[in-house]
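Let's take a walk through this model together, with an eye on its aromatic rings.

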Amino acid sequence: MSAKHGAELTQPGYNVRATGKQRTLLRRLLSQKYLQVMALLGVAWMIIFNYIPLYGSIIAFKQYVITHSIAEAPWVGLDNFKAFFEDEDLPRVIWNTLGISLIKLVIGFPLPILFALFLNELRSIRLKKAVQTISYLPHFLSWVILGGILATWLADVGIINHILMALHLIKEPISYLAEPKYFWGIIVTSDIWKELGWSAIIYLAAIAGVSPDLHEAATIDGAGRFQRMWHVTLPGIRSTITILFILAVSGILNSNFDQILVLRNSLNESASSVIDIYVYQTGIVNNRFSYSTAVGLIKSIIALVLLLIANSVSKKLNDTSLF
Amino acid sequence: MLNLKRRTAGDAMFDAFNVLIMLAICFITLYPIWFVLVNSFNEGQDAMRGGIYWWPRIFSLESYQAVFRSSGIMTAMGVTIAKTLLGTIVHVFFTAMVAYAFSRRELVGQKLYILIGTITMLFPSTLIPYYLLIRDLHLLDNFLVYIIPAMFSFFDLIILMTFFREIPDGLEEAAKIDGANDLSIFVRVIIPVSMPVIATIALFHGVYQWNDYFTGMIYINNMDLQPIQTYLYRIVAQSSSNQMASAMPGGISKNVTSQSIKLATMVVTTAPIVLAYPFLQKYFVKGLMIGSIKG
(Lines give C-alpha, C1' and ligand atoms only; values in the text may rest on other atoms or scores of the structure.)
Protein backbone atom coordinates (compact mmCIF):
# COMPACT_ATOMS: atom_id res chain seq x y z
CA MET A 1 0.00 0.00 0.00
CA SER A 2 2.52 2.59 1.09
CA ALA A 3 4.85 1.74 -1.77
CA LYS A 4 2.01 2.50 -4.18
CA HIS A 5 1.40 5.92 -2.61
CA GLY A 6 5.07 6.73 -2.88
CA ALA A 7 5.08 5.87 -6.59
CA GLU A 8 2.08 8.13 -7.21
CA LEU A 9 3.61 11.07 -5.45
CA THR A 10 6.82 10.97 -7.48
CA GLN A 11 5.06 10.75 -10.86
CA PRO A 12 5.68 13.83 -13.00
CA GLY A 13 2.70 16.01 -13.95
CA TYR A 14 0.75 19.20 -13.18
CA ASN A 15 -0.61 19.65 -9.67
CA VAL A 16 0.11 16.06 -9.03
CA ARG A 17 1.14 16.87 -5.48
CA ALA A 18 -2.13 18.46 -4.40
CA THR A 19 -4.36 15.86 -5.97
CA GLY A 20 -2.02 13.19 -4.70
CA LYS A 21 -2.39 14.50 -1.17
CA GLN A 22 -6.17 14.61 -1.43
CA ARG A 23 -6.23 11.16 -2.89
CA THR A 24 -3.96 9.85 -0.16
CA LEU A 25 -6.19 11.32 2.52
CA LEU A 26 -9.22 9.72 0.91
CA ARG A 27 -7.36 6.44 0.59
CA ARG A 28 -6.29 6.63 4.22
CA LEU A 29 -9.82 7.37 5.35
CA LEU A 30 -11.16 4.48 3.28
CA SER A 31 -8.52 2.09 4.53
CA GLN A 32 -9.47 2.99 8.12
CA LYS A 33 -13.23 3.22 7.62
CA TYR A 34 -13.98 0.87 10.52
CA LEU A 35 -11.64 2.79 12.79
CA GLN A 36 -13.23 6.10 11.76
CA VAL A 37 -16.76 4.80 12.42
CA MET A 38 -15.66 3.56 15.86
CA ALA A 39 -14.09 6.93 16.70
CA LEU A 40 -16.94 9.00 15.28
CA LEU A 41 -19.56 7.11 17.29
CA GLY A 42 -17.75 8.35 20.39
CA VAL A 43 -17.51 11.87 19.00
CA ALA A 44 -21.23 11.79 18.18
CA TRP A 45 -22.03 10.72 21.75
CA MET A 46 -19.95 13.60 23.12
CA ILE A 47 -21.64 16.09 20.79
CA ILE A 48 -25.08 14.94 21.94
CA PHE A 49 -24.45 14.52 25.66
CA ASN A 50 -21.75 17.15 26.28
CA TYR A 51 -21.97 19.81 23.57
CA ILE A 52 -25.75 20.10 23.12
CA PRO A 53 -26.24 20.81 26.87
CA LEU A 54 -23.39 23.30 26.56
CA TYR A 55 -25.34 25.01 23.78
CA GLY A 56 -28.47 24.69 25.94
CA SER A 57 -26.71 26.80 28.58
CA ILE A 58 -27.67 29.87 26.51
CA ILE A 59 -31.07 29.70 28.23
CA ALA A 60 -29.23 31.43 31.07
CA PHE A 61 -29.44 34.56 28.88
CA LYS A 62 -33.06 33.91 27.91
CA GLN A 63 -36.42 33.60 29.58
CA TYR A 64 -37.05 29.96 28.82
CA VAL A 65 -40.46 28.40 29.33
CA ILE A 66 -41.02 24.68 29.09
CA THR A 67 -43.75 24.88 26.45
CA HIS A 68 -41.52 26.53 23.83
CA SER A 69 -38.19 25.59 22.27
CA ILE A 70 -34.88 27.09 23.36
CA ALA A 71 -34.60 29.07 20.12
CA GLU A 72 -38.05 30.66 20.58
CA ALA A 73 -37.32 31.93 24.09
CA PRO A 74 -36.76 35.72 24.25
CA TRP A 75 -33.32 37.07 25.11
CA VAL A 76 -33.08 38.83 28.45
CA GLY A 77 -29.38 39.57 28.59
CA LEU A 78 -27.88 39.28 32.05
CA ASP A 79 -31.18 39.55 33.95
CA ASN A 80 -30.92 36.04 35.41
CA PHE A 81 -27.38 36.69 36.63
CA LYS A 82 -28.45 39.99 38.17
CA ALA A 83 -31.34 38.25 39.89
CA PHE A 84 -28.90 35.80 41.46
CA PHE A 85 -26.59 38.51 42.74
CA GLU A 86 -29.56 40.33 44.22
CA ASP A 87 -31.08 37.19 45.72
CA GLU A 88 -31.25 37.17 49.49
CA ASP A 89 -30.24 33.49 49.53
CA LEU A 90 -26.92 34.27 47.83
CA PRO A 91 -24.74 35.02 50.90
CA ARG A 92 -25.95 31.91 52.71
CA VAL A 93 -25.43 29.66 49.69
CA ILE A 94 -21.89 30.95 49.12
CA TRP A 95 -21.10 30.76 52.85
CA ASN A 96 -22.27 27.13 53.10
CA THR A 97 -20.50 26.06 49.92
CA LEU A 98 -17.16 27.63 50.82
CA GLY A 99 -17.42 26.76 54.50
CA ILE A 100 -17.97 23.05 53.93
CA SER A 101 -15.34 22.89 51.18
CA LEU A 102 -12.71 24.71 53.21
CA ILE A 103 -13.20 22.49 56.26
CA LYS A 104 -12.98 19.47 53.97
CA LEU A 105 -9.79 20.89 52.47
CA VAL A 106 -8.15 21.70 55.81
CA ILE A 107 -9.09 18.46 57.62
CA GLY A 108 -10.06 16.03 54.87
CA PHE A 109 -7.11 16.68 52.58
CA PRO A 110 -4.15 15.97 54.94
CA LEU A 111 -5.74 12.98 56.72
CA PRO A 112 -5.36 10.47 53.84
CA ILE A 113 -1.71 11.54 53.50
CA LEU A 114 -1.12 10.90 57.20
CA PHE A 115 -3.01 7.61 56.98
CA ALA A 116 -0.88 6.48 54.02
CA LEU A 117 2.33 7.49 55.78
CA PHE A 118 1.48 5.55 58.93
CA LEU A 119 0.04 2.59 57.04
CA ASN A 120 3.30 2.37 55.13
CA GLU A 121 5.20 2.07 58.41
CA LEU A 122 3.35 -1.10 59.46
CA ARG A 123 5.83 -3.97 59.69
CA SER A 124 3.41 -6.81 59.07
CA ILE A 125 2.49 -7.08 55.39
CA ARG A 126 -0.63 -9.07 56.24
CA LEU A 127 -1.89 -6.46 58.66
CA LYS A 128 -1.16 -3.76 56.10
CA LYS A 129 -3.20 -5.60 53.44
CA ALA A 130 -6.05 -6.20 55.87
CA VAL A 131 -6.19 -2.54 56.96
CA GLN A 132 -6.17 -1.46 53.32
CA THR A 133 -8.99 -3.82 52.37
CA ILE A 134 -11.14 -2.67 55.28
CA SER A 135 -10.46 1.01 54.79
CA TYR A 136 -11.47 0.95 51.10
CA LEU A 137 -14.82 -0.70 51.81
CA PRO A 138 -16.93 2.36 52.75
CA HIS A 139 -16.06 3.98 49.42
CA PHE A 140 -18.27 1.38 47.74
CA LEU A 141 -21.33 2.09 49.87
CA SER A 142 -23.79 4.56 48.38
CA TRP A 143 -24.61 7.83 50.13
CA VAL A 144 -28.18 6.62 50.46
CA ILE A 145 -27.01 3.69 52.58
CA LEU A 146 -24.69 5.92 54.55
CA GLY A 147 -27.52 8.40 55.03
CA GLY A 148 -29.61 5.56 56.42
CA ILE A 149 -26.82 4.54 58.81
CA LEU A 150 -26.34 8.14 59.97
CA ALA A 151 -30.06 8.66 60.48
CA THR A 152 -30.09 5.55 62.68
CA TRP A 153 -27.04 6.63 64.68
CA LEU A 154 -28.06 10.24 65.13
CA ALA A 155 -31.73 9.64 65.89
CA ASP A 156 -33.23 10.65 69.26
CA VAL A 157 -33.06 7.00 70.32
CA GLY A 158 -29.82 6.41 68.40
CA ILE A 159 -26.51 5.18 69.68
CA ILE A 160 -24.84 8.61 69.88
CA ASN A 161 -27.52 10.02 72.17
CA HIS A 162 -27.44 6.78 74.19
CA ILE A 163 -23.73 7.07 74.85
CA LEU A 164 -23.73 10.79 75.56
CA MET A 165 -26.64 10.44 77.97
CA ALA A 166 -25.07 7.44 79.69
CA LEU A 167 -21.95 9.57 80.21
CA HIS A 168 -24.16 12.41 81.51
CA LEU A 169 -22.72 14.75 78.90
CA ILE A 170 -26.22 15.71 77.77
CA LYS A 171 -29.57 15.56 79.57
CA GLU A 172 -31.96 15.49 76.63
CA PRO A 173 -31.42 13.62 73.37
CA ILE A 174 -30.33 15.92 70.53
CA SER A 175 -31.85 15.68 67.02
CA TYR A 176 -28.57 16.20 65.23
CA LEU A 177 -29.93 16.19 61.69
CA ALA A 178 -32.61 18.71 62.62
CA GLU A 179 -30.14 21.28 63.95
CA PRO A 180 -28.26 23.42 61.43
CA LYS A 181 -25.27 23.90 63.74
CA TYR A 182 -24.32 20.22 63.55
CA PHE A 183 -24.73 19.87 59.80
CA TRP A 184 -21.23 20.84 58.62
CA GLY A 185 -19.65 18.56 61.18
CA ILE A 186 -21.82 15.62 60.10
CA ILE A 187 -20.97 16.27 56.44
CA VAL A 188 -17.21 16.49 57.00
CA THR A 189 -16.99 13.55 59.40
CA SER A 190 -19.07 11.20 57.26
CA ASP A 191 -17.10 12.18 54.18
CA ILE A 192 -13.82 11.37 55.92
CA TRP A 193 -15.25 8.07 57.19
CA LYS A 194 -16.25 7.09 53.66
CA GLU A 195 -13.21 8.23 51.69
CA LEU A 196 -10.17 8.11 54.02
CA GLY A 197 -8.85 4.75 52.84
CA TRP A 198 -9.78 5.25 49.22
CA SER A 199 -8.08 8.65 48.96
CA ALA A 200 -4.93 7.09 50.43
CA ILE A 201 -4.50 4.62 47.52
CA ILE A 202 -2.78 7.14 45.27
CA TYR A 203 -0.42 8.24 48.06
CA LEU A 204 0.42 4.61 48.87
CA ALA A 205 1.30 4.06 45.22
CA ALA A 206 3.50 7.15 45.26
CA ILE A 207 5.17 6.06 48.52
CA ALA A 208 5.95 2.67 46.97
CA GLY A 209 7.82 4.57 44.28
CA VAL A 210 10.17 6.30 46.75
CA SER A 211 13.61 4.72 46.42
CA PRO A 212 14.60 2.43 49.35
CA ASP A 213 18.19 3.70 48.95
CA LEU A 214 17.10 7.08 50.31
CA HIS A 215 15.67 5.42 53.41
CA GLU A 216 18.84 3.41 53.92
CA ALA A 217 21.03 6.48 53.60
CA ALA A 218 18.85 8.35 56.09
CA THR A 219 18.98 5.42 58.53
CA ILE A 220 22.77 5.32 58.34
CA ASP A 221 22.79 9.07 59.01
CA GLY A 222 20.88 8.29 62.20
CA ALA A 223 17.39 9.42 61.20
CA GLY A 224 14.55 7.92 63.28
CA ARG A 225 11.18 6.73 62.02
CA PHE A 226 9.46 10.11 62.28
CA GLN A 227 12.42 11.88 60.73
CA ARG A 228 12.44 9.50 57.78
CA MET A 229 8.70 9.87 57.30
CA TRP A 230 9.04 13.63 57.37
CA HIS A 231 12.30 14.12 55.45
CA VAL A 232 12.30 11.19 53.00
CA THR A 233 8.82 9.81 52.35
CA LEU A 234 6.87 13.06 52.42
CA PRO A 235 9.16 14.96 49.99
CA GLY A 236 9.12 11.84 47.79
CA ILE A 237 5.38 12.16 47.23
CA ARG A 238 5.30 15.94 46.96
CA SER A 239 4.33 16.06 43.29
CA THR A 240 1.39 13.70 43.89
CA ILE A 241 0.22 15.86 46.77
CA THR A 242 0.52 18.96 44.60
CA ILE A 243 -1.58 17.54 41.78
CA LEU A 244 -4.31 16.36 44.12
CA PHE A 245 -4.23 19.72 45.87
CA ILE A 246 -4.77 21.52 42.54
CA LEU A 247 -7.78 19.32 41.90
CA ALA A 248 -9.12 19.88 45.41
CA VAL A 249 -8.78 23.66 45.18
CA SER A 250 -10.40 23.85 41.75
CA GLY A 251 -13.27 21.74 43.05
CA ILE A 252 -13.95 24.04 45.98
CA LEU A 253 -17.36 25.04 44.60
CA ASN A 254 -18.29 21.39 44.14
CA SER A 255 -20.10 20.15 47.15
CA ASN A 256 -20.74 16.47 47.38
CA PHE A 257 -24.21 16.68 45.88
CA ASP A 258 -25.15 13.03 46.48
CA GLN A 259 -24.16 13.34 50.12
CA ILE A 260 -25.90 16.63 50.91
CA LEU A 261 -29.07 15.71 49.04
CA VAL A 262 -29.44 12.67 51.30
CA LEU A 263 -28.67 14.42 54.59
CA ARG A 264 -30.45 17.75 54.10
CA ASN A 265 -33.97 18.42 55.25
CA SER A 266 -36.17 21.44 55.78
CA LEU A 267 -34.93 21.88 59.36
CA ASN A 268 -31.20 22.06 58.60
CA GLU A 269 -31.66 24.03 55.38
CA SER A 270 -29.88 27.15 56.60
CA ALA A 271 -26.64 25.14 56.86
CA SER A 272 -27.18 22.69 54.00
CA SER A 273 -28.10 24.81 50.98
CA VAL A 274 -24.95 24.85 48.84
CA ILE A 275 -24.65 25.96 45.19
CA ASP A 276 -25.31 22.50 43.74
CA ILE A 277 -28.39 22.04 45.90
CA TYR A 278 -29.55 25.57 45.04
CA VAL A 279 -29.25 24.82 41.30
CA TYR A 280 -31.28 21.65 41.80
CA GLN A 281 -33.84 23.31 44.05
CA THR A 282 -34.50 26.35 41.84
CA GLY A 283 -34.35 24.40 38.57
CA ILE A 284 -35.98 21.04 39.12
CA VAL A 285 -38.19 21.74 42.12
CA ASN A 286 -39.23 25.35 41.43
CA ASN A 287 -39.03 25.18 37.61
CA ARG A 288 -36.95 28.37 37.29
CA PHE A 289 -35.01 26.90 34.37
CA SER A 290 -33.16 29.96 33.09
CA TYR A 291 -32.28 31.21 36.56
CA SER A 292 -30.95 27.82 37.68
CA THR A 293 -28.86 27.53 34.50
CA ALA A 294 -27.38 30.99 35.10
CA VAL A 295 -26.30 29.97 38.61
CA GLY A 296 -24.81 26.71 37.29
CA LEU A 297 -22.96 28.59 34.56
CA ILE A 298 -21.41 31.04 37.04
CA LYS A 299 -20.23 28.07 39.06
CA SER A 300 -18.68 26.30 36.04
CA ILE A 301 -16.82 29.43 34.95
CA ILE A 302 -15.43 30.15 38.44
CA ALA A 303 -14.38 26.49 38.75
CA LEU A 304 -12.50 26.67 35.45
CA VAL A 305 -10.76 29.91 36.45
CA LEU A 306 -9.80 28.38 39.83
CA LEU A 307 -8.36 25.34 38.07
CA LEU A 308 -6.23 27.51 35.78
CA ILE A 309 -5.01 29.68 38.68
CA ALA A 310 -4.17 26.71 40.93
CA ASN A 311 -2.40 25.05 38.04
CA SER A 312 -0.22 28.05 37.20
CA VAL A 313 0.58 28.78 40.85
CA SER A 314 1.76 25.23 41.38
CA LYS A 315 3.78 25.37 38.16
CA LYS A 316 5.63 28.41 39.49
CA LEU A 317 6.15 27.15 43.05
CA ASN A 318 6.69 23.49 42.47
CA ASP A 319 7.31 22.81 38.81
CA THR A 320 4.39 20.37 38.94
CA SER A 321 1.19 20.92 37.03
CA LEU A 322 -1.74 19.15 35.47
CA PHE A 323 -1.24 20.59 31.99
CA MET B 1 25.59 0.75 71.58
CA LEU B 2 23.37 2.31 74.19
CA ASN B 3 22.11 4.82 71.70
CA LEU B 4 21.17 2.08 69.23
CA LYS B 5 19.33 0.12 71.91
CA ARG B 6 17.29 3.11 72.92
CA ARG B 7 16.27 3.69 69.32
CA THR B 8 14.93 0.16 68.97
CA ALA B 9 12.89 0.68 72.13
CA GLY B 10 11.50 3.83 70.56
CA ASP B 11 10.86 1.87 67.39
CA ALA B 12 8.91 -0.75 69.29
CA MET B 13 6.82 1.95 70.95
CA PHE B 14 6.15 3.52 67.56
CA ASP B 15 5.12 0.18 66.08
CA ALA B 16 2.79 -0.64 68.95
CA PHE B 17 1.20 2.80 68.75
CA ASN B 18 0.85 2.52 64.98
CA VAL B 19 -0.82 -0.90 65.15
CA LEU B 20 -3.26 0.43 67.75
CA ILE B 21 -4.21 3.40 65.57
CA MET B 22 -4.72 1.17 62.55
CA LEU B 23 -6.89 -1.25 64.52
CA ALA B 24 -8.92 1.69 65.80
CA ILE B 25 -9.46 2.90 62.23
CA CYS B 26 -10.59 -0.59 61.19
CA PHE B 27 -13.02 -0.70 64.10
CA ILE B 28 -14.47 2.74 63.31
CA THR B 29 -14.85 1.66 59.70
CA LEU B 30 -16.53 -1.66 60.32
CA TYR B 31 -18.62 -1.03 63.41
CA PRO B 32 -21.35 1.18 61.86
CA ILE B 33 -21.91 -1.52 59.23
CA TRP B 34 -21.98 -4.24 61.89
CA PHE B 35 -24.45 -2.18 63.94
CA VAL B 36 -26.91 -2.07 61.03
CA LEU B 37 -26.44 -5.79 60.44
CA VAL B 38 -27.18 -6.95 64.02
CA ASN B 39 -30.12 -4.58 64.37
CA SER B 40 -31.63 -5.79 61.11
CA PHE B 41 -31.53 -9.37 62.42
CA ASN B 42 -33.23 -8.39 65.67
CA GLU B 43 -36.98 -8.43 66.14
CA GLY B 44 -38.25 -5.01 65.04
CA GLN B 45 -40.33 -3.98 68.08
CA ASP B 46 -37.60 -5.03 70.48
CA ALA B 47 -34.91 -3.18 68.49
CA MET B 48 -36.87 0.06 69.02
CA ARG B 49 -35.81 -0.06 72.68
CA GLY B 50 -32.22 0.33 71.53
CA GLY B 51 -29.16 -1.08 73.23
CA ILE B 52 -28.34 -3.68 70.58
CA TYR B 53 -24.66 -3.09 69.94
CA TRP B 54 -22.85 -6.38 69.42
CA TRP B 55 -25.35 -9.19 68.83
CA PRO B 56 -29.13 -9.49 68.20
CA ARG B 57 -31.10 -9.67 71.46
CA ILE B 58 -34.08 -11.48 69.95
CA PHE B 59 -32.99 -13.01 66.69
CA SER B 60 -35.61 -12.69 63.94
CA LEU B 61 -35.73 -12.97 60.17
CA GLU B 62 -39.16 -11.36 59.92
CA SER B 63 -37.86 -8.05 58.59
CA TYR B 64 -36.10 -9.88 55.78
CA GLN B 65 -39.22 -11.89 55.03
CA ALA B 66 -41.13 -8.62 54.79
CA VAL B 67 -38.50 -7.20 52.43
CA PHE B 68 -38.54 -10.19 50.13
CA ARG B 69 -42.35 -10.26 50.13
CA SER B 70 -42.68 -6.60 49.22
CA SER B 71 -43.31 -6.37 45.48
CA GLY B 72 -42.12 -2.74 45.45
CA ILE B 73 -38.70 -3.64 46.84
CA MET B 74 -38.34 -6.65 44.58
CA THR B 75 -39.26 -4.67 41.46
CA ALA B 76 -36.73 -1.98 42.41
CA MET B 77 -34.11 -4.65 43.01
CA GLY B 78 -34.82 -6.11 39.56
CA VAL B 79 -34.40 -2.68 37.95
CA THR B 80 -31.07 -2.22 39.74
CA ILE B 81 -29.77 -5.62 38.66
CA ALA B 82 -30.88 -5.05 35.06
CA LYS B 83 -29.38 -1.56 34.84
CA THR B 84 -26.13 -2.65 36.47
CA LEU B 85 -25.60 -5.63 34.14
CA LEU B 86 -26.72 -3.98 30.91
CA GLY B 87 -25.26 -0.57 31.75
CA THR B 88 -21.86 -2.00 32.59
CA ILE B 89 -21.62 -4.16 29.47
CA VAL B 90 -22.65 -1.30 27.18
CA HIS B 91 -20.41 1.25 28.94
CA VAL B 92 -17.32 -0.94 28.86
CA PHE B 93 -17.79 -2.10 25.27
CA PHE B 94 -18.61 1.32 23.85
CA THR B 95 -15.98 3.31 25.78
CA ALA B 96 -13.29 0.72 25.06
CA MET B 97 -14.22 0.65 21.36
CA VAL B 98 -13.88 4.43 21.05
CA ALA B 99 -10.72 4.37 23.19
CA TYR B 100 -9.18 1.77 20.88
CA ALA B 101 -9.92 3.89 17.80
CA PHE B 102 -8.53 7.00 19.55
CA SER B 103 -5.40 5.10 20.58
CA ARG B 104 -4.36 4.18 17.03
CA ARG B 105 -1.66 6.50 15.78
CA GLU B 106 -2.74 6.35 12.12
CA LEU B 107 -6.28 7.56 12.94
CA VAL B 108 -6.96 10.64 10.80
CA GLY B 109 -8.24 13.43 13.06
CA GLN B 110 -6.92 11.82 16.24
CA LYS B 111 -5.74 15.12 17.73
CA LEU B 112 -9.06 16.84 17.00
CA TYR B 113 -11.08 13.99 18.53
CA ILE B 114 -9.00 14.01 21.70
CA LEU B 115 -9.34 17.80 21.91
CA ILE B 116 -13.14 17.47 21.63
CA GLY B 117 -13.03 15.05 24.56
CA THR B 118 -10.66 17.14 26.68
CA ILE B 119 -12.95 20.19 26.37
CA THR B 120 -15.84 18.15 27.80
CA MET B 121 -13.79 17.63 30.96
CA LEU B 122 -13.20 21.36 31.43
CA PHE B 123 -16.80 22.46 30.83
CA PRO B 124 -19.22 20.24 32.74
CA SER B 125 -22.80 20.78 31.64
CA THR B 126 -25.27 22.23 34.12
CA LEU B 127 -28.31 20.42 35.38
CA ILE B 128 -31.20 22.07 33.52
CA PRO B 129 -29.84 22.01 29.94
CA TYR B 130 -29.00 18.36 30.55
CA TYR B 131 -32.49 17.68 31.84
CA LEU B 132 -33.98 19.34 28.75
CA LEU B 133 -31.79 17.17 26.52
CA ILE B 134 -32.94 14.00 28.28
CA ARG B 135 -36.53 15.15 27.82
CA ASP B 136 -36.04 15.92 24.12
CA LEU B 137 -34.46 12.50 23.58
CA HIS B 138 -37.63 10.95 25.09
CA LEU B 139 -35.58 9.32 27.84
CA LEU B 140 -37.81 10.55 30.68
CA ASP B 141 -39.55 7.59 32.29
CA ASN B 142 -37.57 5.30 30.01
CA PHE B 143 -35.31 2.49 31.21
CA LEU B 144 -32.69 3.53 28.63
CA VAL B 145 -31.99 6.71 30.64
CA TYR B 146 -29.84 4.48 32.86
CA ILE B 147 -27.89 3.11 29.90
CA ILE B 148 -27.41 5.58 27.04
CA PRO B 149 -26.36 8.76 28.90
CA ALA B 150 -23.93 6.61 30.94
CA MET B 151 -22.48 4.54 28.11
CA PHE B 152 -19.40 6.71 27.61
CA SER B 153 -16.90 8.48 29.83
CA PHE B 154 -13.91 10.41 28.54
CA PHE B 155 -12.11 9.86 31.82
CA ASP B 156 -12.42 6.07 31.42
CA LEU B 157 -11.37 6.49 27.80
CA ILE B 158 -8.06 8.02 28.91
CA ILE B 159 -7.35 5.07 31.23
CA LEU B 160 -8.23 2.55 28.50
CA MET B 161 -6.30 4.43 25.81
CA THR B 162 -3.17 4.48 27.99
CA PHE B 163 -3.43 0.72 28.35
CA PHE B 164 -4.12 0.06 24.64
CA ARG B 165 -1.05 2.07 23.60
CA GLU B 166 1.15 -0.38 25.51
CA ILE B 167 -0.11 -3.37 23.52
CA PRO B 168 2.60 -4.51 21.05
CA ASP B 169 1.68 -3.69 17.44
CA GLY B 170 2.63 -7.20 16.37
CA LEU B 171 -0.63 -8.63 17.69
CA GLU B 172 -2.72 -6.35 15.50
CA GLU B 173 -0.47 -6.80 12.45
CA ALA B 174 -0.90 -10.57 12.56
CA ALA B 175 -4.69 -10.24 12.64
CA LYS B 176 -4.61 -7.68 9.83
CA ILE B 177 -2.64 -10.02 7.58
CA ASP B 178 -5.39 -12.56 8.16
CA GLY B 179 -7.78 -9.98 6.68
CA ALA B 180 -9.55 -8.93 9.90
CA ASN B 181 -11.06 -5.42 10.01
CA ASP B 182 -10.44 -3.01 12.87
CA LEU B 183 -13.68 -3.81 14.67
CA SER B 184 -12.99 -7.53 14.73
CA ILE B 185 -9.37 -6.89 15.77
CA PHE B 186 -10.78 -4.89 18.67
CA VAL B 187 -13.22 -7.64 19.65
CA ARG B 188 -11.01 -10.68 19.09
CA VAL B 189 -7.50 -9.41 19.83
CA ILE B 190 -7.62 -6.26 21.95
CA ILE B 191 -10.40 -7.12 24.43
CA PRO B 192 -8.90 -10.51 25.44
CA VAL B 193 -5.45 -9.04 26.17
CA SER B 194 -6.92 -6.05 28.04
CA MET B 195 -8.97 -7.91 30.60
CA PRO B 196 -7.27 -6.35 33.69
CA VAL B 197 -8.12 -2.77 32.69
CA ILE B 198 -11.54 -3.76 31.33
CA ALA B 199 -12.36 -5.50 34.62
CA THR B 200 -11.37 -2.33 36.50
CA ILE B 201 -13.56 -0.06 34.40
CA ALA B 202 -16.40 -2.60 34.62
CA LEU B 203 -16.09 -2.66 38.40
CA PHE B 204 -16.13 1.12 38.75
CA HIS B 205 -19.05 1.52 36.42
CA GLY B 206 -20.89 -1.41 37.99
CA VAL B 207 -20.58 0.21 41.42
CA TYR B 208 -21.76 3.53 39.96
CA GLN B 209 -24.80 1.87 38.38
CA TRP B 210 -25.59 -0.03 41.56
CA ASN B 211 -25.27 3.02 43.83
CA ASP B 212 -26.70 5.81 41.69
CA TYR B 213 -29.99 7.13 43.02
CA PHE B 214 -30.12 10.54 41.37
CA THR B 215 -30.95 9.36 37.84
CA GLY B 216 -33.92 7.36 39.10
CA MET B 217 -35.04 10.24 41.26
CA ILE B 218 -34.95 13.01 38.69
CA TYR B 219 -35.76 11.37 35.33
CA ILE B 220 -38.14 8.60 36.44
CA ASN B 221 -41.67 9.02 37.75
CA ASN B 222 -42.91 5.52 37.05
CA MET B 223 -42.39 3.60 40.30
CA ASP B 224 -41.91 0.33 38.42
CA LEU B 225 -38.77 1.77 36.81
CA GLN B 226 -37.07 3.14 39.93
CA PRO B 227 -33.94 1.36 41.18
CA ILE B 228 -33.51 0.22 44.78
CA GLN B 229 -31.25 3.15 45.71
CA THR B 230 -33.91 5.65 44.65
CA TYR B 231 -36.48 3.64 46.57
CA LEU B 232 -34.24 3.78 49.65
CA TYR B 233 -33.55 7.48 49.14
CA ARG B 234 -37.27 8.17 49.32
CA ILE B 235 -37.42 6.25 52.62
CA VAL B 236 -34.25 7.69 54.16
CA ALA B 237 -34.50 11.31 53.07
CA GLN B 238 -38.23 11.73 53.16
CA SER B 239 -38.80 9.48 56.17
CA SER B 240 -41.69 7.85 54.40
CA SER B 241 -41.00 4.46 55.91
CA ASN B 242 -44.27 4.60 57.84
CA GLN B 243 -46.13 4.65 54.58
CA MET B 244 -43.84 1.85 53.54
CA ALA B 245 -44.78 -0.32 56.49
CA SER B 246 -48.46 0.35 55.92
CA ALA B 247 -48.04 -0.41 52.22
CA MET B 248 -46.66 -3.81 53.08
CA PRO B 249 -48.68 -6.82 51.97
CA GLY B 250 -50.93 -8.24 54.69
CA GLY B 251 -50.04 -11.13 56.93
CA ILE B 252 -46.86 -9.51 58.23
CA SER B 253 -46.23 -9.83 61.89
CA LYS B 254 -46.59 -6.84 64.21
CA ASN B 255 -43.00 -7.35 65.28
CA VAL B 256 -41.79 -5.73 62.09
CA THR B 257 -41.38 -1.95 62.19
CA SER B 258 -40.67 0.56 59.46
CA GLN B 259 -37.20 1.00 60.93
CA SER B 260 -36.40 -2.71 60.89
CA ILE B 261 -37.60 -2.98 57.28
CA LYS B 262 -35.41 -0.03 56.39
CA LEU B 263 -32.35 -1.67 57.94
CA ALA B 264 -33.06 -5.00 56.26
CA THR B 265 -33.49 -3.27 52.89
CA MET B 266 -30.17 -1.48 53.41
CA VAL B 267 -28.45 -4.79 54.13
CA VAL B 268 -30.01 -6.50 51.11
CA THR B 269 -28.99 -3.57 48.90
CA THR B 270 -25.41 -3.50 50.13
CA ALA B 271 -24.76 -7.22 50.47
CA PRO B 272 -23.89 -7.89 46.79
CA ILE B 273 -21.19 -5.19 46.83
CA VAL B 274 -19.71 -6.25 50.16
CA LEU B 275 -19.71 -9.94 49.20
CA ALA B 276 -18.14 -9.38 45.79
CA TYR B 277 -15.69 -6.81 47.12
CA PRO B 278 -12.80 -8.99 48.41
CA PHE B 279 -12.65 -10.82 45.06
CA LEU B 280 -12.63 -7.63 43.02
CA GLN B 281 -10.19 -5.71 45.17
CA LYS B 282 -7.05 -6.60 43.22
CA TYR B 283 -8.59 -5.19 40.04
CA PHE B 284 -9.51 -1.76 41.25
CA VAL B 285 -6.19 -1.12 42.96
CA LYS B 286 -4.34 -2.08 39.78
CA GLY B 287 -6.70 -0.02 37.66
CA LEU B 288 -6.38 3.05 39.83
CA MET B 289 -2.62 2.82 39.43
CA ILE B 290 -2.95 2.84 35.64
CA GLY B 291 -5.19 5.87 35.94
CA SER B 292 -2.96 7.71 38.36
CA ILE B 293 0.20 7.19 36.34
CA LYS B 294 -1.45 8.95 33.41
CA GLY B 295 -3.47 11.51 35.38
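What follows looks at ring pairs and then at charges over rings.

This is a predicted model, in which local features need pLDDT of at least 70, side-chain atom pairs count only at pLDDT 80 or more, and totals for chains, interfaces and linings use all residues. Residues are numbered from 1 along each chain as its sequence is written, chains are lettered from A and ligands numbered from 1 in the order in which they are written, and side-chain values use heavy atoms, leaving out hydrogens and water.

Over all chains, the whole structure holds 39 aromatic pairs (rings of Phe, Tyr and Trp, the last by its six-membered ring, with centres within 6.5 Å; planes under 30 degrees apart are stacked, over 60 edge-to-face, the rest tilted). Take B:Tyr31 and B:Phe35: their ring centres are 6.2 Å apart and their planes meet at 55°, so this pair is tilted. Both B:Tyr31 and B:Phe35 are buried (under 20% relative accessible area, with a 1.4 Å probe and protein chains only). Ring pairs also join these two with A:Trp153, B:Phe27, B:Tyr53 and B:Trp54 in a cluster.

Now turn to B:Tyr213 and B:Tyr233. With centres 5.0 Å apart and planes at 20°, their rings are stacked. Here too, B:Tyr213 and B:Tyr233 are both buried.

The charged end of A:Lys62 lies over the ring of A:Trp75, 4.5 Å from its centre. That of A:Arg288 is over the ring of A:Tyr291, 3.9 Å from its centre.

Note on methods
Buried < 20%, exposed > 50% of the residue type's maximum accessible area, 1.4 Å probe, protein only. Lys NZ or Arg CZ within 6 Å of the ring centre and 35° of its normal.
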